[in-house]
Amino acid sequence: MRLPTYEWGIRRSQRAFVRLTRALGAELDDVGRASLRRPDFFGKPFLGIGHLLLRGPSAWSVGERELFAAVVSRTNSCQFCVATHGEIAAKELGRDVMLRLDEGTFSPRAAAAAAFIEALTRDPNCVSAADVERVRAAGVQDDALAEAIYVALFFNTINRVADALGFEHRSDRDRRWGAEVLRRRGYRLPGFLLR
Amino acid sequence: MWAGGGLACPLTRPRAINDAVRMSRRGVVADRLERLRDEATRLVEAVLDGEGATSVHARHAAFAGRADDPVVARYLDVVRSHADRLTDEDVESLHAAGLDDDTIFELTVAAALGAGVKRLQVGLSLLGREP
């Protein structure tokens, strides 16, 4: 990470937690670390919307939402986020899910929403009502598309933060473990870390 | 049947869950969208108007892609347009210009959030909705 003071949090309990995750071989990733130092400014509200958006009841499965995350991140060329959310999507939907999406053999409904938020990510000024009609024609309700658009908000934000501040996985093992923890537990950190 | 048929078993499910099952799917999703809107508002308010090392003015400007200092303005422009092209040297140049980690973090998050909110506004407005 390019901001050294954001590596370990600021309080003793936060530092101990990060060291513990390192010792256990599942080190807290850089998004989690960046959430520790300034929880009221960023960590709490950011993880709050993240967990609500990517977990819990929705018009989309967890796997589909993670796939949307990977699509937005790929469009922004954010390798850090693609590596994590592509991994979760693959675990939920199958190893070849991105390939199936690209080849047009994945769920037409999810593919239509993914194409919309991909275009929205690439250039919001070039998306039109005709694009919305295409998604509707694939059977996507407006509420469901609105949810996908919130995924675009979330990842267009964190992709930029991650790339600007040089977020990276310390090893492939860390990446895979981190993805598995997110898949199982969602986007929450223990409350004592965000005080 | 209970798991897949959408019917609630009053003997095995707590009342709150039965209530939730009875809600229409549209009602559940609409409620969820309301909560997402609230959470997004909370995030924007925290980043732009909460306590910070930088001024509220500077964060609002970064959110809109502007900065008074030309070095910072160039950096924020890349954050918004091609953040993947930023390097260690770009952040080092901000440190060299006298910005500390908290300042860089706040302005980066504000600029990134501006790019995210722009997409939210465009996407929802095409659905005829307010962000």
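Modeller: This is a predicted model. Two packed helices are described by the angle between their axes and the distance between the axes. Here, helix 4 (residues 70-82) of chain B and helix 5 (residues 88-96) of chain B have axes that come within 10 Å and cross at roughly 155°. Because angles over 145 degrees count as roughly antiparallel, helix 4 of chain B is roughly antiparallel to helix 5 of chain B.

Colleague: What is the handedness of the crossing of helix 4 of chain B and helix 5 of chain B, and which residues meet there?

Modeller: The crossing is left-handed, and V71(B), V72(B) and Y75(B) of helix 4 meet D90(B), S93(B) and L94(B) of helix 5. By class, this contact has 4 nonpolar, 1 polar and 1 charged residues.

Colleague: Is F63(B) buried or exposed?

Modeller: A residue is buried if 20 or more other C-beta atoms lie within 10 Å of its own; F63(B), in helix 3 (residues 56-63) of chain B, counts as buried because it has 23 such neighbours. Among the residues that F63(B) touches are L48(B), L113(B) and A111(B), and the C-alpha atoms of F63(B) and A111(B) are 4.3 Å apart although 48 residues separate the two in sequence.

Colleague: How many residues does each chain give to the contact?

Modeller: The size of an interface is often given as the accessible area lost when the parts come together. Counted by residues, the contact takes 45 from chain A and 43 from chain B. On the side of chain A that touches chain B, helix 9 of chain A supplies the largest share, 17 residues, and the residues of that side divide into 28 nonpolar, 10 polar and 7 charged.

Technical notes: Residues are numbered from 1 along each chain as its sequence is written. Chains are lettered from A and ligands numbered from 1 in the order in which they are written. This is a predicted model: local features need pLDDT of at least 70, side-chain atom pairs count only at pLDDT 80 or more; totals for chains, interfaces and linings use all residues. Two residues are in contact if their C-beta atoms, placed from the backbone, lie within 7 Å. Helices (H or I, at least four residues) and strands (E, at least two) are DSSP runs, numbered from the N terminus. Ala, Val, Leu, Ile, Met, Phe, Trp, Tyr, Cys and Pro count as nonpolar, Asp, Glu, Lys and Arg as charged, and the others, Gly among them, as polar. A residue is buried if 20 or more other C-beta atoms lie within 10 Å of its own, exposed if 12 or fewer, and partly exposed in between; C-beta atoms are placed from the backbone. Axes are lines fitted to C-alpha atoms, for helices over the stretch in contact, and angles run from 0 to 180 degrees between N-to-C directions. Angles under 35 degrees count as roughly parallel, over 145 as roughly antiparallel, 65 to 115 as roughly perpendicular and the rest as oblique. A crossing is left-handed if the near helix is turned anticlockwise from the far one by less than a right angle, and right-handed if clockwise. Lists of a residue's contacts leave out its neighbours within four places in sequence.
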